[in-house]
Amino acid sequence: MSTATADIHEVPAESRVHYLNARYGIKSWLLTLDHKRIGLLYLGTITFMFLIGGIAATLMRLNLIEPQGALVEPETYNKLFSTHGIVMVFFFLVPSIPATLGNFLIPLMIGARDVAFPKLNLMSWYIFVTGCCCMLYAVMTGGVDTGWTFYTPYSSTYAHTSVLLAALGIFIAGFSSILTGLNFIVTIHKMRAPGMTWFRLPLFIWSMYATSMIFVLGTPVIAVTLLLLGLERILHVGIFDPALGGDPLLFQHLFWFYSHPAVYIMILPGMGVVSELIPAFSRKRIFGYSFVAFSSLAIAVISFVVWGHHMFVTGQSVYAGLVFSVLSFLVAIPSAIKVFNWTATLYKGSISYQAPMLYALGFIGLFTMGGLTGLFLASLATDVHLNGTYFIVAHFHYIMVGGAVMAYLGGIHYWWPKITGRLYPDLWARFSALVIFVGFNLTFFPQFVLGYLGMPRRYAMYPAEFQSLNVLSSAGASVLAVGYVIPLVYLIWSLKYGPPAGPNPWKAKGLEWTIQSPPPTENFEETPIVTEEAYNYPTVGGVSV
Amino acid sequence: MMGLTQPVIHGTAAVWAAFQLHPPTASSIADNVDKLYYFLTGITLFFTILIFSIIFVFMIKYRRRSEDEIPEGTHTSMALELTWTIIPSLICVVIFIWASALYVRNARPPAASTEMFVVGKQWMWHIQHPEGPREIDELHVPVNVPIKMTMTSQDVIHDFYIPAFRVKKDVLPGRYTSLWFEANKIGTYHLFCAQYCGTNHSQMIGWVYVMSDADYAAWLAGGEKAESMAQQGERLFSQFGCNTCHTGDATGTGPSLAGLYGKPEKLQNGQTRVVDETFIRDAILAPSTVHVPGYAAGMPTFAGQVNEDQVLQLIAYVKSLGAQERTNAK
C-alpha cells in the first residue's frame with residue numbers, strides 16, 4: 001500500500017523494542033492503553049469463554065448419543081444448551097473478530113498511532129470482563145435454562161434459574177460493544193493517514209465500520225429489552241406476561257430487533273477478514289472492491305428490518321409474514337454478491353495454500369451453504385415446517401461456526417506473525433484447518449436432515465428413530481473438538497519456539513505489513529503517506545483497475 | 001417418556017428408519033411443501049457445487065508455481081457484477097412468490113373445517129373434541145376431514161408441531177392461535193412441542209392417530225359417555241352464575257348471548273370487534289376491555305376462577321347459542 005516504507009528490513013525482535021517487550025509485568029498489561037495489547041487481552045478472555053461454551057457443547061453432544069439422554073437429566077441439558085448459546089453468542093462471537101483483530105488492526109491498517117479513545121478502549125475491556133464474570137457466576141450458581149433467546153413469559157415468570165445474573169452479564173457486556181463500536185467509528189473517520197481515502201481502505205475496515213454501526217444502533221435495544229425483562233421478573237410489572245397484562249410476543253420483537261442484526265455483527269467481520277485473505281494469497285486486487293464494500297453496508301442496514309422472519313409461526317399476520325419474507329430474501333443478495341466477488345478474485349491469481357487461505361476457502365464454501373439454506377427459512381411455506389427444528393440449528397452453525405469461526409481462525413493465522421513476530425508450523429495449521437472442515441460438516445450436515453425429519457431443537461431426549469443421525473453428529477463434534485485443540489497447542493508453542501516471522505511473511509499488501517513484527521508500541525515511526533489503492537499487488541500488465 | 005414408548009418401531013423397521021432422509025407425508029399440504037423443499041435443495045446443491053467446483057478448478061489451475069510469480073491484474077467487470085446480482089435476485093423472486101402463495105393458501109382453513117381445541121401447559125397437551133371427549137398427549141382425527149385446531153397456553157409459549165403434516169404454530173398464553181390440516185393417510189404420527197418451554201420440554205410430545213371415518217366414529221362413541229363441549233360449557237355457565245345477568249332476554253343486566261358469535265360489536269372504547277373466540281375469552285377474563293355500550297359496566301373478571309379448558313367450553317357454549325339462533329331463523 002504505502003510504497004515509501006516497502007523495503008523494510010528485518011530487525012530481530014529480541015534486539016529492538018516493540019509493544020510486547022516495551023514493558024513487563026502484570027500491571028503493564030492491566031493498565032495498558034495500547035490498542036494492540038488490549039486486543040490481546042480480549043483474545044485471552046474470549047478464548048477462555050470459547051472453552052466454556054465448547055465444554056457445554058461437548059457435554060450436549062455426548063448426551064444426545066442416546067435417545068433417553070446418555071449423560072444428564074433434562075434440567076441439566078437445558079442449562080448446557082443455554083450456557084453454550086449465551087456464552088458463544090454474547091461472550092465469544094459478538095466480540096470475537098472486532099475486539100481482537102479489530103482492535104489490533106484498525107489503527108495499523110489506517111496508519112494511526114492508536115484508536116481514537118485509548119482509555120475508553122481499556123474501559124471497554126474491563127466492562128466486558130465484568131459481564132463475563134457475571135455470566136460465569138450465573139453458571140456456577142445454578143446456571144440458566146432459558147436458552148440464549150430468553151423467551152418470555154418463561155424467562156420472566158416461570159424459570160427458577162439464574163436468569164437475572166445471566167441477563168445482567170449480557171447487559172453489561174453490551175456496553176463494551178457500544179463503546180468499542182463508537183471508538184472504531186470515530187477512529188475510522190478521524191484517524192486515517194494522509195492519502196488513506198475511503199476507497200483506499202482495506203475491506204476489513206469497511207466491514208468493521210458496518211459492524212460498529214450495528215453495535216451502536218442495535219445493542220441499546222437488547223439492553224432495554226433485558227432491563228424490561230428484569231423489571232417484570234423482580235417487580236412483576238406486566239410487560240411480557242399476559243397473566244400480568246403484558247404481551248408475550250413483544251419480547252420477541254424487541255429481542256430479534258437486536259439479535260438479527262447481531263447475526264451480522266458476527267458474520268460481517270468474518271467477511272472482512274476473508275476479503276483480506278483472498279487477495280493476499282492470490283496476490284491480486286480483490287474483484288469488485290466497491291461492490292464488496294457497499295454490500296457490507298447494505299447488509300448492515302437491511303439487517304435491521306428482517307427480525308420478523310424469526311416469528312413466522314408465532315401467529316403474526318400473514319401480511320407481516322410476507323413483508324418480512326421479502327426483506328429476508330433481499331438481505332441474501334449482498335451476501336451472494338460477496339461470494340461471487342471472492343471467487344472471481346481467484347481467477348488468474350497466483351494462489352498459495354498456506355493455512356489462512358485454507359480457512360478462507362473453507363469459509364466461502366460453508367458460508368455459501370449456510371446462506372443458501374437460509375432461503376428455506378425465508379420461504380414462508382417451508383419455514384413453517386423447519387422453524388424450531390434442527391434445520392435452524394444446522395443453518396446458523398454453518399453461518400456462525402462454518403462462517404464466523406473459520407474466518408476468525410483464518411484471521412488469527414494470517415496476522416499471528418504480525419501479532420507475535422513468530423511463525424507457527426504451517427503443516428500443522430493446514431492439517432487442523434482440514435480437520436475442522438471435515439469435523440464441522442460431519443457435525444452439522446446431519447442436523448439439516450434431522451430438522452427436515454422433524455426433530456425439534458432443545459430436546460434433551462428424542463424418539464429413537466433420530467438416533468443414528470445424532471450419533472453421526474456427535475462423532476463429528478469430537479473431530480471438530482480435536483480440530484480446535486490443535487491450533488491452541490501449536491500457536492502457544494510458536495510463542496516460544498516459532499521461527500521469527502519478519503515484517504511481511506506473506507508478501508502481502510497493507511500498511512500493517514510495512515512495519516516490524518511485532519510492531520513497535522507507536523506503530524509507525526513516522527505517519528505513513530498513502531499513495532495507492534488497497535491490494536495493489538504487482539501485475540503482469542502493470543495496471544490493475 | 002410416555003410418548004416415546006408407545007407405537008413401537010422394532011428391529012428391521014428401526015434400522016430402516018435409521019437411514020430415512022424423508023419424514024412421513026400425511027396431510028393434504030405436505031406434498032406441496034415438499035416440492036418447494038426439494039426445489040430449494042436443488043438450488044442449494046446447484047450453487048454449492050458451482051462455487052465449490054469453480055474454487056477447485058481455480059485452486060489447481062492458478063496455483064502459485066514460483067515464489068516470484070506475478071499474476072495478471074484484476075479487471076472489474078460491471079457486466080459480471082450485474083449478472084450475479086440480477087440472477088440471484090430473480091431466483092429469489094421466484095422462490096418468494098412460490099413460497100408465499102403456498103403459505104397464504106395453507107394459512108386459511110376451509111370453511112367446513114371440524115374444530116378441535118388445544119390447551120398447552122407445562123408439559124402436556126390437553127385436547128378437547130367438540131363432541132366432548134378429551135385427551136392428553138394424544139389426538140385422534142378422522143382421515144380426509146379438514147380440522148382446525150384453536151389453541152392457547154395456560155402458562156408459557158409452546159408450539160404445536162406435527163412434522164408429518166408439515167404444520168406448526170406457536171401456542172401462546174393469553175390469546176388464541178390456530179392451524180389447520182387435512183390428514184390424508186391413516187397412521188400414527190409424532191406430535192411435538194417445538195418451542196422451548198422449560199424442564200420437560202422434550203417430553204411434551206405425543207401421538208396423532210389418523211383414523212378412518214368409521215374408526216373415528218367408534219372412537220368417539222367409545223369410552224365414557226361425555227357431554228359435548230357446549231353442554232359442559234352450559235353447565236359452567238350456570239355454575240359460575242353467568243346466567244344471572246346473561247338471562248338471554250330483556251330482563252338481564254347483561255346482553256343476551258344468543259346469535260352473538262360472528263357478529264361485529266361496537267364497543268364503549270370506540271373499537272368495533274367481531275365476536276370471535278378471542279372476544280369471548282376477553283369478555284370472560286377481562287370484561288372491561290370489551291364493554292358494550294347500553295349495558296351496565298362492572299361484570300367481574302373470571303380470571304383465576306376458570307382455566308383455559310373451561311374458557312374453551314364456555315366459548316363452545318356461546319357459539320352453540322349462535323348456531324341455535326341461525327337454525328331458528330331458518
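Two strands pair if DSSP finds at least two bridges between them. Helices (H or I, at least four residues) and strands (E, at least two) are DSSP runs, numbered from the N terminus. This is a predicted model, in which local features need pLDDT of at least 70, side-chain atom pairs count only at pLDDT 80 or more, and totals for chains, interfaces and linings use all residues. Residues are numbered from 1 along each chain as its sequence is written, while chains are lettered from A and ligands numbered from 1 in the order in which they are written.

Start with chain B and a pair of neighbouring strands. Strand E2 (residues 124–128) of chain B runs antiparallel to E3(B), and three bridges join them. Within this pair, B:Ile127 stands opposite B:Glu135 of E3(B). B:His126 has B:Ile136 in E3(B) as its bridge partner. The hairpin of E2(B) and E3(B) has five residues between the strands, and B:Gly132 there takes a positive phi near 125 degrees.

B:Gly120 is partnered by B:Trp125 in E2(B). The hairpin that joins E1(B) to E2(B) passes through two residues.

Strands of a sheet pair through backbone hydrogen bonds, either parallel or antiparallel.

Chain B holds another open sheet. Its five strands follow the order E4-E10-E9-E6-E7 (chain B), again with mixed pairing. Strand E4 (138–142) and E7 of chain B stand at the edges with a single partner strand each, so one side of each lacks a neighbour in the sheet. Here the twist averages 20 degrees from one strand to the next. E6(B) and E7(B) pair antiparallel over five bridges. In that pair, B:Ile162 stands opposite B:Val167 in E7(B).

Helix H5 (residues 213–221) of chain B lies across E4 and strand E10 (206–211) of chain B, and runs at about 130 degrees to E4(B). Axes are lines fitted to C-alpha atoms, for helices over the stretch in contact, and angles run from 0 to 180 degrees between N-to-C directions.

Now step back to the domains of chain B. The assignment gives domain 1 (114–221) and domain 2 (229–329); such bounds come from an automatic or database domain assignment. The centres of domain 1 and domain 2 of chain B, taken over C-alpha atoms, are 26 Å apart. Their contact takes 11 residues from domain 1 of chain B and nine residues from domain 2 of chain B. Two residues are in contact if their C-beta atoms, placed from the backbone, lie within 7 Å. On the domain 1 side, strand E1 (114–121), E2 and strand E5 (146–153) of chain B each give two or more residues. By class, that side has four nonpolar, six polar and one charged residues. Ala, Val, Leu, Ile, Met, Phe, Trp, Tyr, Cys and Pro count as nonpolar, Asp, Glu, Lys and Arg as charged, and the others, Gly among them, as polar.

Turn to chain A and its helix pairs. Helix H2 (residues 35–63) and helix H3 (residues 74–110) of chain A pack at about 155 degrees, with axes 8 Å apart. That makes H2(A) roughly antiparallel to H3(A) (angles under 35 degrees count as roughly parallel, over 145 as roughly antiparallel, 65 to 115 as roughly perpendicular and the rest as oblique). The residues of this contact divide into 22 nonpolar, nine polar and one charged.

Finally, the two chains meet. In chain B, 76 residues are in contact with 81 residues of chain A. H4(B) gives the most to the chain B side, with 16 residues. That side of chain B has 44 nonpolar, 21 polar and 11 charged residues.
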